[in-house]
Amino acid sequence: MVTDNPSVVAGAPLLSVVDVSKSFTIHLRGGVRLPVVANVTFDVCSGECLVLGGPSGIGKSSILRMIFGNYAVDTGRILVRDRNTGDVADLASGDPRLVLSLRRDHLGYVSQFLRALPRVSVLDVVAEPLLARGVERKLASNRAAAMLERLNLPSSLFNLPPATFSGGEKQRVNIARGFIIDHPILLLDEPTASLDEANRDVVIGMIREKLAAGTAILGIFHDIPVREAVATKIIDVAAFSTREAA
Ligand SMILES: Nc1ncnc2c1ncn2[C@@H]1O[C@H](COP(=O)(O)OP(=O)(O)OP(=O)(O)O)[C@@H](O)[C@H]1O
């Protein structure tokens with residue numbers, strides 16, 4: 001990591017997960033607790049793509065959701081480092097305002113499924129993160145269109161809401177929205193699961209560009225060619241599991 005600020009430790013991780021554990025309480029089953037992971041500990045540095053591996057149901061998506069603040073952690077810390085100042089914030093113990101500000105400035109997340117408001121056009125769905133940061137509408141729309149064109153989404157779809165799109169089309173909209181901002185940390189939950197080979201290759205290229213620009217990426221890729229193309233390190237989440245895979 002290159003910085004002019006002496007307070008920043010060169011090569012310090014942008015994301016550190018420290019001794020995190022998580023169990024779910026199933027209220028419909030009389031409050032039974034299902035432990036999922038414990039002692040989850042790893043770092044992700046600038047330019048690194050750490051892949052979470054392991055069997056279905058072992059807790060990979062839950063770890064991403066905890067890091068994005070969608071799931072609360074039971075114990076442990078999720079440390080997000082500011083790459084300019086070196087300041088570190090613990091998302092795990094932060095209030096919702098801290099979580100929102102870390103999402104705005106540090107954490108991008110591409111989930112498996114697009115959650116879009118009804119009647120909002122694809123262009124607006126993708127441009128929204130830029131508009132929220134004060135980018136002028138025309139410029140934001142142009143950048144959204146360029147991103148969607150790169151992902152081979154037909155321009156005839158740009159002004160439609162994505163609710164009725166195919167799985168692969170929705171996934172490309174989701175990727176465009178997640179990649180349009182240069183977040184220092186990017187969380188990817190199977191971003192290529194519904195894509196054909198040509199579009200998968202486009203996404204591999206986009207991920208590699210982010211890495212070259214210094215983004216710290218944490219991802220889940222069941223697709224082995226994608227994993228091999230982008231991973232700098234793979235962690236087997238079974239090592240943190242507290243139970244058998246589902
Ligand atoms: N909100 C929730 N409430 C209750 N249990 C949950 C919840 N979210 C996840 N789980 C359970 O936690 C376990 C881990 O799920 P998770 O989705 O993290 O696994 P995964 O490794 O990502 O699986 P896959 O590879 O199939 O996507 C599963 O047994 C799942 O049923």
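How do the residues of the shell around the ligand divide into nonpolar, polar and charged? The shell around the ligand holds 5 nonpolar, 5 polar and 1 charged residue. Here Ala, Val, Leu, Ile, Met, Phe, Trp, Tyr, Cys and Pro count as nonpolar, Asp, Glu, Lys and Arg as charged, and the others, Gly among them, as polar.

This is a predicted model, in which local features need pLDDT of at least 70 and side-chain atom pairs count only at pLDDT 80 or more, while totals for chains, interfaces and linings use all residues. Residues are numbered from 1 along each chain as its sequence is written. The chain has a mean pLDDT (the predictor's confidence in each residue, from 0 to 100) of 90, with 94% of its residues at 70 or more. Residues 1–7 have pLDDT below 50, and beyond near neighbours in sequence this stretch has 14 contacts in the model; a contact requires C-beta atoms, placed from the backbone, within 7 Å. Where pLDDT is low, the predicted coordinates should not be read in detail. The model scores are ipTM 0.95 and pTM 0.91.

The ligand is surrounded by 11 residues, the closest being Phe24, Ser56, Lys60, Ser61 and Ser62. Helices (H or I, at least four residues) and strands (E, at least two) are DSSP runs, numbered from the N terminus. The largest share of the shell, 3 residues, comes from α1.

Turning to helix packing, α3 (residues 122–131) and α4 (residues 137–150) pack at about 120°, with axes 8 Å apart. Axes are lines fitted to C-alpha atoms, for helices over the stretch in contact, and angles run from 0 to 180 degrees between N-to-C directions. Helices α3 and α4 are therefore oblique to each other. Among the residues making the contact are Val122, Leu123 and Val126 of α3 and Ala140, Ala144 and Leu148 of α4. The contact divides into 11 nonpolar, 1 polar and 2 charged residues.

Helix α3 also packs against α5 (residues 167–179), at about 25° with axes 7 Å apart. The two are therefore roughly parallel, since angles under 35 degrees count as roughly parallel, over 145 as roughly antiparallel, 65 to 115 as roughly perpendicular and the rest as oblique. Val122, Val125, Val126 and Pro129 of α3 meet Val173, Ala176 and Arg177 of α5.

Notes. Two residues are in contact if their C-beta atoms, placed from the backbone, lie within 7 Å. A residue is near a molecule or strand if its C-beta atom, placed from the backbone, lies within 6 Å of it.
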